[in-house]
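Hi everyone, thanks for coming. Have a look at the model on the screen, and then I'll walk you through its salt bridges.

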Amino acid sequence: MDERKRRRKISNRESARRSRMRKQRHLENLRNQLKASRVENRELNNRLQLMVHHFNRVRTENDWLRSERTLLRQKLSYMTQILLFQQLQQPSLSSSAWPCNNVTPQ
């Protein structure tokens, strides 16, 4: 009976030792995963910051282009008004003003 108890104790100790080793390996794996996740998180955060910076640059450029488009449209409208005004102010062209053998337009 004592031999049986002794073997059982040894077996239990060995089982406990294996259990502690499994727990230690599991804990080490979790630490490695945490470390890898932190590295990945840092990399993703850096990429995000780069994208935010790029987005802000593009948004600023887009705002500038919209302003430029508005200004150019206003200039075009102003120039069109000037041309229309000049056309209205000019007397109608006489036949001598036409360059093609003094032929009047029909």
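**Surface and salt bridges**

Quick housekeeping. This is a predicted model, so local features need pLDDT of at least 70 and side-chain atom pairs count only at pLDDT 80 or more, while totals for chains, interfaces and linings use all residues. Residues are numbered from 1 along each chain as its sequence is written, and side-chain values use heavy atoms, with hydrogens and water left out.

Okay, what is the chain built from? It has 1 helix and 0 strands.

Buried means under 20% relative accessible area, exposed means over 50%, and partly exposed is in between, using a 1.4 Å probe and protein chains only.

Now the salt bridges. We call it a salt bridge when a side-chain nitrogen of Lys or Arg is within 4 Å of a carboxyl oxygen of Asp or Glu. How many do we get by this rule? The count is 5.

One of them joins Arg6 to Glu3, with the closest N and O atoms 2.7 Å apart. Both residues sit in helix α1, which covers residues 2–89, and they are 3 residues apart, about one turn of the helix. Arg6 is partly exposed at 44% relative accessible area, and Glu3 is partly exposed too, at 39%. There's also a network here: salt bridges link Glu3, Arg6 and Arg7.

Next, Arg18 pairs with Glu14, and their closest N and O atoms are 3.9 Å apart. These two are 4 residues apart in helix α1, so about one helical turn separates them. Arg18 has a relative accessible area of 40%, which means partly exposed, and Glu14 is partly exposed at 31%.

Then there's Arg31 with Glu28, where the closest N and O atoms are 3.9 Å apart. Here the spacing in helix α1 is 3 residues, so again about one helical turn. Arg31 counts as partly exposed at 44%, and so does Glu28 at 37%.
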